[in-house]
Amino acid sequence: RYHHTSISHLCSCSKTASDEKYQDPFQLGRKDLKNLYEDIKKELLVSTAELKEMCDYYFDGKGKAFRPMIVVLMARACNIHHNNSREVQASQRSVAIIAEMIHTASLVHDDVIDDANSRRGKMTVNQIWGERKAVLAGDFILSAASVALARIGNTTIISVLTQVIEDLVRGEFLQLGSKENENERFAHYLEKTFKKTASLIANSCKAVSILGCPDPKVHEIAYQYGKNVGIAFQLIDDVLDFTSCADHLGKPTAADLKLGLATGPVLFACRQFPEMNAMIMRRFSKPGDVERARKYVLQSDGVQQTTYLAQRYCHEATREISKLRPSPEREALIQLTEMVLVRDK
């Protein structure tokens, strides 16, 4: 597997002077995420049984809660950096809840746009209840997130997190378009990746840093960490679409190609196999395009190049977070950059 190549030398800066022991981010974040899904369900108080069932469907406690975990770890790391406070504030925990709600609403909407039939190893909301109701369920989750956000009562936090919703929409529009020019294509792909995946993590990290610490330098560190980890996370996701099996991923493989999307591995492969250009422009719509493109990607170094790019983003995330005062949470956030690179689903 490519993911394990040359990570160790990139992450050597994760050893602090005191050489704190390995911190498992999931263990460390767990105490602040207890009852996370129950609390989300309380935000989704609904009158109709069907809408409640739809909204609860993805909040079944089986998700990794990757985003809320980063958010609570960042909250603690910033609080400790600022005044050595070991507690997560209620408003910071609310940001973690809101982040998971926005993320899940975007999944419900994405599945409608992509006409997807499986997610996290089970049928999608749109497959069970139909597209119209799925769109409304996604809207409802977003509106509940907005109410929870307003309750924090901080206008700066509101503007930081509403930026995420704007970025999600803009990112989806970017994904629906494509670029003729090969040089513009990669920039388009990275901008789409930031808006659709990384903006939520970056702005949620920034929000908890604002709540925990008045220093704008810390807000920028939190934002940059989230942005870089978020982009790396999506790059590895795009790699797994080619290297993982469907059962493991919980959704079909080569899904992006079937949707007509040229992700990192395809764009890198295109440099070795220019005949892929025509396929990219017609969004892999001709019979046999998907299989041929997949074959070209696996024959090229597209997977390695994309993995290497993800390593560079993780290295940058580590460099940023290392500017904070040492703490178990800071170490866990560094550890998390390595976990993003070696995950297999």
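Trainee: Which residues in H10 meet residues in H16?

Mentor: Please bear in mind that this is a predicted model. From H10, the contact involves Ile221, Gln224, Tyr225, Asn228, Val229, Ile231, Ala232, Leu235, Ile236, Val239, Phe242 and Thr243. Their partners in H16 are Val303, Thr306, Thr307, Leu309, Ala310, Tyr313, Cys314, Glu316, Ala317, Glu320 and Ile321. Sorted by class, the contact of H10 with H16 has 16 nonpolar, five polar and two charged residues.

Trainee: What is the angle at which H10 and H16 pack, and how far apart are their axes?

Mentor: Two packed helices are described by the angle between their axes and the distance between the axes. Here H10 (residues 216-243) and H16 (residues 302-321) pack at about 160°, and their axes are 8 Å apart. An angle over 145 degrees counts as roughly antiparallel, and H10 and H16 are therefore roughly antiparallel to each other. The crossing of H10 past H16 is left-handed.

Trainee: Where is Lys217 placed, and is Lys217 buried or exposed?

Mentor: Lys217 belongs to helix H10. Lys217 is exposed, because its relative accessible area is 63% and the cut-off for exposed is over 50%. Lys217 and Glu320 lie 103 residues apart in sequence, yet their C-alpha atoms are 11 Å apart in space. Glu320 is one of the H16 residues that meet H10.

Trainee: At what angle do H5 and H7 pack?

Mentor: The angle between H5 (residues 90-114) and H7 (residues 131-152) is about 165°, with axes 9 Å apart. That makes H5 roughly antiparallel to H7, and their crossing is left-handed. Among the residues of H5 in this contact are Ile98, Met101, Ile102 and Ala105, while H7 contributes, among others, Ile141, Leu142, Ala145 and Leu149. The residues of the contact of H5 with H7 divide into 16 nonpolar, four polar and two charged.

Trainee: How many residues of H13 are buried, and what covers them?

Mentor: Seven of the nine residues of H13 (residues 264-272) are buried, so the helix is mostly covered; the cut-off for buried is under 20% relative accessible area. The buried residues are Gly264, Pro265, Val266, Leu267, Phe268, Ala269 and Cys270. Their cover includes H9, H10, H12, H14, H15 and H16.

Trainee: Which residues does Phe186 touch, leaving aside those up to four places away in sequence?

Mentor: Phe186, which is found in helix H9, touches Leu267, Phe268, Arg271 and Leu309. Phe186 is buried, with a relative accessible area of 13%. Phe186 and Phe268 are 82 residues apart along the chain, and their C-alpha atoms are separated by 9.0 Å.

Trainee: What is the make-up of the chain in secondary structure, and what is its radius of gyration?

Mentor: The chain has 17 helices and two strands. A compact globule of 345 residues would have a radius of gyration near 20 Å, and the chain agrees, with 20 Å. The C-alpha trace spans about 60 × 55 × 35 Å along its principal axes, and 56% of the residues count as buried. Among contacts with a separation of 6 or more, 75% are between residues 24 or more positions apart.

Note on methods:
Residues are numbered from 1 along each chain as its sequence is written. This is a predicted model: local features need pLDDT of at least 70, side-chain atom pairs count only at pLDDT 80 or more; totals for chains, interfaces and linings use all residues. Side-chain values use heavy atoms; hydrogens and water are left out. Helices (H or I, at least four residues) and strands (E, at least two) are DSSP runs, numbered from the N terminus. Buried means under 20% relative accessible area, exposed over 50%, partly exposed in between (1.4 Å probe, protein chains only). Axes are lines fitted to C-alpha atoms, for helices over the stretch in contact, and angles run from 0 to 180 degrees between N-to-C directions. Angles under 35 degrees count as roughly parallel, over 145 as roughly antiparallel, 65 to 115 as roughly perpendicular and the rest as oblique. A crossing is left-handed if the near helix is turned anticlockwise from the far one by less than a right angle, and right-handed if clockwise. Contact means heavy atoms within 4.5 Å. Ala, Val, Leu, Ile, Met, Phe, Trp, Tyr, Cys and Pro count as nonpolar, Asp, Glu, Lys and Arg as charged, and the others, Gly among them, as polar. The radius of gyration is taken over C-alpha atoms; the globule rule is 2.2 Å times the number of residues to the power 0.38.
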